[in-house]
Amino acid sequence: PGLYRDEAINGLDALRVIAGEHPLYFTANNGREPLYLYLLAASVRLLGRSPGALRVVSALLGGATVLASYWLGHELYGRRVGLILAALLATAVWPVNLSRIAFRAVALPLCSSLLLAALWRGLRRRRYGLMALAGLCWGLSFYTYLAARFTLIAVPLLAFYLWRVRAEARWWRGWLTLAAVAVVVAAP
């Protein structure tokens, strides 16, 4: 019926932000990345101090992740797969659960889906803007959840694989754009 203790600690950190503190890393509760907490602060400022003000951020991020997963599925395999992927994500237990509690982990799937969809479309169309969007999403992911650090291995491995098997992926300026934007955004 009330807030889980991690949600409450997130709410307290949101109140710290509202009070004027602006850390790059929050040390309470074993340390946390800041993006979600800044979004919580904006929500609490707008909607007031309530569990709903905290949880609406997760609901919005979860809904946006469903849309981003549609885009990713559509880019990779077409409209039908995009719809199936979005439907599965909208009904699967873990994504639905994370979309209803005030935990920062809900932000990482959104950034990852947008990264991959923009990357794939950017490579196919050779658009610097899309590669920059992919880099922005990758850089932002490091401000969402600890597991984003795994992408430091996964994205270069994906790049290596695509470079070897797909001609459209051999666009080194696009990859440099993605990497440069990601580094600038991820740098504190």
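Me: Which residues form a nonpolar patch on the surface?

Reply: Please note that this model is predicted. The patch consists of Leu-76, Tyr-77 and Val-81, which together have about 300 Å² of accessible area. Tyr-77 belongs to helix H3, residues 51-77.

Me: Is Tyr-77 buried or exposed?

Reply: The term exposed applies to a relative accessible area over 50%. Tyr-77 has 65%, so this residue is exposed.

Me: How many salt bridges does the structure hold?

Reply: In general, side chains of opposite charge can pair when their charged atoms come close. The structure holds seven salt bridges. One of them joins Arg-55 to Glu-7, with the closest N and O atoms 2.8 Å apart. Arg-55 is in helix H3 and Glu-7 in helix H1 (residues 5-18), so this pair ties together parts 48 residues apart in sequence. Arg-55 is partly exposed at 23% relative accessible area, whereas Glu-7, at 2%, counts as buried.

Me: Where do Arg-121 and Glu-75 lie?

Reply: Their side chains meet in a salt bridge with an N to O distance of 2.4 Å. Arg-121 lies in helix H6 and Glu-75 in helix H3, so the pair ties together parts that are 46 residues apart in sequence. Both Arg-121 and Glu-75 are buried.

Me: Which residues are linked in a network of salt bridges?

Reply: The network links Asp-13, Arg-16, Glu-21 and Arg-32.

Key: Residues are numbered from 1 along each chain as its sequence is written. This is a predicted model: local features need pLDDT of at least 70, side-chain atom pairs count only at pLDDT 80 or more; totals for chains, interfaces and linings use all residues. Side-chain values use heavy atoms; hydrogens and water are left out. Patches are made of residues with over 30% relative accessible area and no salt bridge: like charges are joined within 9 Å, nonpolar side chains (Val, Leu, Ile, Met, Phe, Trp, Tyr) within 5 Å. Accessible areas come from the Shrake-Rupley method with a 1.4 Å probe; for residues, only the protein chains shown count as cover. A salt bridge is a side-chain nitrogen of Lys or Arg within 4 Å of a carboxyl oxygen of Asp or Glu. Helices (H or I, at least four residues) and strands (E, at least two) are DSSP runs, numbered from the N terminus. Buried means under 20% relative accessible area, exposed over 50%, partly exposed in between (1.4 Å probe, protein chains only).
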